[in-house]
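Student: Please take one residue in this structure and look at it closely. Then set it in the picture of the whole chain.

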Amino acid sequence: MKLTKSKLLLIVFLLLGYNSSFAQKIDQEQLIKDIQYLASEELEGRKPLSEGSLKARAYIKERFKILGLSSQYDDYTQFFEFTNRRENKTYENAANIIGFIPGSESDKIIVIMGHYDHLGKRGEEAFLGADDNASGTAAMMALAGYFAENRPKHSMMFVALDAEEMGMQGARTLVNDFPFELEQVKVNINMDMVSRNGDNELYAVGTHHYPFLKPSLERASAGKSPFLKFGHDIPGSGREDWTNASDHAQFHQKGVPFIYFGVEDHPDYHTPRDTFENIQPEFFKGAVELILACVLALDEDLLN
C-alpha cells in the first residue's frame, strides 16, 4: 500500500500523541491538589494527634478507599503510641495509614512510603511542611493511584507514616510490627522532600549500601528531568550521609534494601516559609514521574 504524504503525517501525529499520553503516567492534577490540601493552613502543620493530623489521616484514607486499595489493618490504620522525651509527653493513638495492592507475579513486597506529619504550630506560627513532607505523602498517593490501575508484578504496600519528626516513630512501629515476614520486602522506597530544587536535581540515596539497585535506576532515569543523582550515603561523611536521615533508616537497620528520594535542604527547610506557594510544581510533577519510572524498573528487575 502506497502511503501519501498526508497519511504519513497522520501516522506520525498519532504516534506522537500516543507517546505523549503514555509518558504522563501519574495524575498530575490530583498530585497538586493533594499537596495543596496537606500543606494548607487548615491542617496547621500536621503535628501528631492534632486536629490537622486527624484531618490528614482522614484525607489519605479516603484517597485509598477511592483507589480501591486493600489493607492488613482495619480502616487502613496502624495505631501506636510513643513518648516524646523532648516534650516529656506520651502520644497515644498516633497512626500510620497503610494500603496494599497484591502483585500479579510475586508475593514479595515493595514498600513505598512518605511521612505525613510535620512540626505543627509554635506559638502563633504554623509550620505547614509543604516540601517536608506533604510532597512525599502526595507522591506516595500518586504512585498508589498509578498502580491501582496498572497492577504491579510485586505486591506493593503504600504507607503514610506518622511522627517522623519525633524520631521516626511511625517507621519504627511499621518495621517492628510488620504484617508479613520482613524478609518478604525486596526494597523500601522512601520519599521525603521531593517538590523543589533550584538545580533541577533529585537524589536517590542508598546505592552505596545496595549497589545492585543502581543499574535499574540509571536505566530508568536516563534522559529524564529532573536529573537523578546518586550519593549522600557514604559512611563517615557526617551530615552529608543521609542513610539515617529519614524513615528508611528503620528498614536499613534491619537489613532491608532501600532507596530514599529527596532533595538538598533549602532555606525554607523547617521554617514557616515551607508552604505550598514555595514548591516548584513542574519540578514536583517531573520528580514523581521520575520516581515512578524507577519503581517500574525495580518492579521488573527484582523478579529475578
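Tutor: Start with His-154, which is buried because its relative accessible area is 1%. Here buried means under 20% relative accessible area, exposed means over 50%, and partly exposed lies in between, using a 1.4 Å probe and protein chains only. This is a predicted model, in which local features need pLDDT of at least 70, side-chain atom pairs count only at pLDDT 80 or more, and totals for chains, interfaces and linings use all residues. Residues are numbered from 1 along each chain as its sequence is written, and side-chain values use heavy atoms, with hydrogens and water left out.

Where does His-154 sit? It is in the loop between α4 (130-149) and β6 (155-161). Such labels come from DSSP runs, numbered from the N terminus: helices are H or I of at least four residues, and strands are E of at least two.

Now its surroundings. Leave out residues up to four places away in sequence, and His-154 touches Ile-101, Gly-103, Ser-106, Lys-108 and Ile-110, among others. Its partners also include Lys-186, Leu-298, Asp-299, Leu-302 and Leu-303. A contact means heavy atoms within 4.5 Å.

Helix α4 comes up again with Asn-133, which is placed in it. The peptide bond from Asp-132 to Asn-133 is cis, with omega near 0°. Another cis bond joins Ser-225 and Pro-226, where omega is about 5°. Pro-226 is in the loop between α6 (214-221) and β9 (227-230).

Next, look at Ile-98 in strand β2, which covers residues 89-101. Ile-98 counts as buried because its relative accessible area is 0%. Beyond four places in sequence, its contacts include Phe-64, Tyr-73, Tyr-76, Met-157, Phe-158 and Leu-174. Ile-60 is 38 residues away along the chain, yet its C-alpha atom and that of Ile-98 are separated by 9.3 Å.

Leu-49 has a phi near 70°, a positive value in a residue other than glycine. It lies between α2 (28-38) and α3 (51-67), and it is partly exposed at 32% relative accessible area. Asp-75 is not a glycine either, and its phi is about 55°. It lies in the loop between α3 and β1 (77-84), and at 41% it counts as partly exposed.

Now step back. The protein chain has eight helices and ten strands. Its radius of gyration is 20 Å, close to the 19 Å from the globule rule for 304 residues, so the chain is as compact as a globular protein of that length. That radius is taken over C-alpha atoms, and the rule is 2.2 Å times the number of residues to the power 0.38. Of the 304 residues, 55% count as buried. Take contacts between residues at least 6 apart in sequence: 79% of them join residues at least 24 apart.

How far can you trust the picture? The mean pLDDT of the chain is 93, and 92% of residues reach 70 or more. pLDDT is the predictor's confidence in each residue, from 0 to 100. Residues 1-23 stay under 50, and the model has three contacts for them beyond four places in sequence. Where pLDDT is low, the predicted coordinates should not be read in detail.
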